[in-house]
Amino acid sequence: MIRTESLPIRSEQDIVFARQAVRRLTQELGFGLVDQTKLVTATSELARNALVYGLGGTMVCELLAEGARNGLRLQFIDQGPGIADLAQAMSDGWTSGQGLGLGLSGAKRLVGEFSIESVPGQGTTVTIARWR
């Protein structure tokens, strides 16, 4: 790991700051425009989930180095109500709110690595990563 940054997600403005931070970090790592856009889009979806469904949280960014390749790992951590059925939450079209139900599944399709952990009543952590 090269460096770690942490950003709060407590408002709509924080989602914008999260998107800007990921754009800056992917540019710093030399990602192409398509990969930058994929990570920024996934960030937007996951930060919004942390704010709306998780009642706020934190985004942790880790710049990674492994041999000749570089990567970016992002964690979206909230202490919200958690997700009782992860399989259902990962299916396209399912939502506990008023969204389209594509946030988690869509974010998964945009990144190279995706994992989710959730405990009802204790919160959710979504981890994504992309390498170049």
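Modeller: A crossing of two helices is called right-handed if the near helix is turned clockwise from the far one by less than a right angle, and left-handed if anticlockwise. In this predicted model, the crossing of α1 and α2 is right-handed. Helix α1 spans residues 12-28 and helix α2 residues 33-52; their axes come within 9 Å and cross at roughly 155°. Because angles over 145 degrees count as roughly antiparallel, α1 is roughly antiparallel to α2.

On the α1 side, the contact is made by Glu 12, Ile 15, Ala 18, Arg 19, Val 22, Arg 23, Thr 26 and Gln 27. These meet α2 residues including Leu 33, Leu 39, Val 40, Thr 43, Ala 47, Arg 48 and Leu 51. Sorted by class, the contact of α1 with α2 comprises eight nonpolar, six polar and four charged residues.

The surroundings include an open sheet of five strands, ordered β1-β2-β3-β5-β4 with antiparallel pairing. Its edge strands, β1 (3-9) and β4 (113-119), each pair on one side only. From one strand to the next, the twist averages 15°. Helix α1 also packs on this sheet, where α1 touches β1, β2 (57-66) and β3, and the direction of α1 makes about 160° with that of β1. Helix α4 (residues 103-110) likewise packs on the sheet, touching β4 and β5, with its direction at about 150° to that of β4. Within the sheet, strands β3 (residues 69-78) and β5 (residues 123-131) run antiparallel and are joined by eight bridges; Arg 73 stands opposite Ala 129 in β5.

Terms used
Residues are numbered from 1 along each chain as its sequence is written. This is a predicted model: local features need pLDDT of at least 70, side-chain atom pairs count only at pLDDT 80 or more; totals for chains, interfaces and linings use all residues. Side-chain values use heavy atoms; hydrogens and water are left out. Axes are lines fitted to C-alpha atoms, for helices over the stretch in contact, and angles run from 0 to 180 degrees between N-to-C directions. Helices (H or I, at least four residues) and strands (E, at least two) are DSSP runs, numbered from the N terminus. Angles under 35 degrees count as roughly parallel, over 145 as roughly antiparallel, 65 to 115 as roughly perpendicular and the rest as oblique. Contact means heavy atoms within 4.5 Å. Ala, Val, Leu, Ile, Met, Phe, Trp, Tyr, Cys and Pro count as nonpolar, Asp, Glu, Lys and Arg as charged, and the others, Gly among them, as polar. Two strands pair if DSSP finds at least two bridges between them.
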